[in-house]
Amino acid sequence: MTTTEARPAAPPAERSARRISINPRQSGIYVAFALIVVLFEVLTGGALLEPQNISNIIVQNSYVLILAIGMILVIISGHIDLSAGSVVAMTGAVSAVLMVNWQLPWFWAVLITLVVGAVIGAWQGYWVAYFGIPAFIVTLAGMLAFRALTLTVLGNQGIGPFPDAIRTLSNGFTDGYLGNIGLGPLGGADLVSLLAGVAAVAGIALTQWRKRSARLGYGQDVDPFPVFVLKIAGIAVLVLALVVQLARFKNLPWVLILLTVLVLGYSLVAGKSVFGRHIYAVGGNLQAATLSGVKVKSVTFWIFVNMGVLAALAGIIFAGRLNQAGPTAGVNFELDAIAAAFIGGAAVQGGVGKVVGAITGGLIMAVINNGMSLIGAPSERVMLVKGVVLLAAVAYDIWTKRRAAS
């Protein structure tokens with residue numbers, strides 16, 4: 001009988017240098033985004049990344065990105081929401097009635113509108129979670145019902161204009177509190193915006209360093225230190241380039257600050273909280289989650305409440321941007337949000353996806369819309385390209401799953 005000696009565990013330095021961890025399923029979306037940006041930058045003769053155009057892309061697509069944050073959580077849990085666009089229209093109409101017709105202070109009107117969105121989400125969440133009706137059917141009914149209620153509230157006409165505070169949140173920019181600073185051939189740029197960009201880079205670097213240290217502490221594989229530094233440097237260059245371009249135009253859009261807060265908050269909820277882990281558990285394996293003691297019905301219910309609140313916020317932003325609430329608002333918004341989630345890496349079966357991925361998917365759609373508009377492409381060609389991109393993203397997801405399984 002022979003005995004084999006146990007091989008000692010490799011020290012952290014050896015584990016970090018053993019291999020470079022690349023997940024094509026997660027990194028593919030960012031590579032695709034970079035290639036699409038480069039492609040349209042060339043096709044538009046440099047117009048895509050002009051300061052004003054970058055600002056337009058963010059402001060004009062902010063409401064879809066807000067919806068994508070809520071939609072990715074719904075899809076991770078294994079459900080879908082087809083009513084998001086109609087809820088945007090409905091809550092936008094409610095906010096218009098409160099602020100314009102009833103002359104309610106904008107703060108209270110916004111708060112009441114968010115509560116209305118929560119009630120709508122609770123209504124749909126009850127039928128899905130506690131009555132057992134598939135989300136597809138419940139939200140399809142909601143898409144029709146809330147569109148009808150929008151027409152009823154508005155009387156088939158637009159209501160406006162909105163208060164200055166709402167218009168500023170939707171279309172406005174931060175003030176130059178400390179003035180501009182010279183950037184040589186790039187001209188002047190707002191100092192506060194540049195400092196915000198530096199702070200964002202520092203926060204990203206610190207977060208990634210702590211994550212890397214934690215993985216080393218658990219004996220997991222990480223990238224070699226030079227590769228880690230290169231990744232952080234690449235992210236820093238991209239973030240600072242974006243901030244510099246925005247600071248050269250009209251500083252940071254207020255809606256970008258709102259989006260940043262939402263992305264950070266929901267990323268923490270999805271990745272670090274117990275509720276976030278339960279969302280992934282419910283979508284990944286419903287039976288196992290139930291047997292593990294996860295309150296599946298409660299999780300599902302609150303996911304739809306959250307979707308209603310974010311749809312209400314998107315409704316306020318969209319109505320404020322147009323300076324009126326109209327009966328056709330929100331048409332096909334749910335399709336854009338769903339496409340953003342799937343392009344961003346969500347799995348059709350649920351259990352997979354990230355908030356940052358959904359935002360990246362939404363930005364891909366936004367760049368395609370904006371880039372093809374700049375080159376004068378007709379609307380039918382834009383829809384064709386977006387459909388092909390969505391199909392390619394889902395096909396890539398399925399291909400990577402099969403490859404991993406084999």
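The lining of the second largest pocket divides into 10 nonpolar, 7 polar and 2 charged residues. This is a predicted model. The pocket holds about 550 Å³ of space. Of its 19 lining residues, Asn332, Asp336, Met365, Asn369 and Lys386 lie nearest the centre. Helix 4 (62-76), helix 15 (333-343), helix 16 (355-374) and helix 17 (379-405) each give two or more residues to this lining.

The largest cavity has a volume of about 40 Å³. Its lining includes Asp81, Ile120, Gln124, Phe304 and Met307. Helix 5 (84-101), helix 6 (106-129) and helix 14 (296-322) each supply two or more of the lining residues. Helix 14 gives the largest share, 4 residues. By class, this lining has 6 nonpolar, 3 polar and 1 charged residues.

The second largest cavity has a volume of about 30 Å³. Among the residues that line it are Val88, Gly92, Phe318 and Ala329. Helix 5 and helix 14 each supply at least two lining residues here, and helix 5 gives the most, with 4. This lining has 7 nonpolar, 3 polar and no charged residues.

Finally, look at helix 11. Helix 11 (residues 254-272) has 19 residues and reaches 27 Å from its first C-alpha to its last, close to the 27 Å expected. Which of its residues are buried? They are Val255, Leu256, Leu259, Leu262, Val263, Tyr266 and Ala270. These residues cover an arc of only 120° around the axis, so they sit on the same side of helix 11. An α-helix has 3.6 residues a turn, so residues three or four places apart point the same way. On the other side of helix 11, Val261, Leu264, Leu268 and Lys272 are exposed.

Definitions and conventions. Residues numbered from 1 in each chain as written. Predicted model: local features only at pLDDT ≥ 70, side-chain atom pairs only at ≥ 80, totals over all residues. Heavy atoms only, no water. 1 Å grid on protein atoms, 1.4 Å probe; cavity = no way out; pocket = protein on both sides within 12 Å on 5 of 7 lines; lining within 4 Å. Points joined across faces, edges and corners; volume = space filled by probe spheres on them. Nonpolar A, V, L, I, M, F, W, Y, C, P; charged D, E, K, R; others polar. Expected span 1.5 Å × (residues − 1). Buried < 20%, exposed > 50% of the residue type's maximum accessible area, 1.4 Å probe, protein only. Arc of directions from axis to C-beta.
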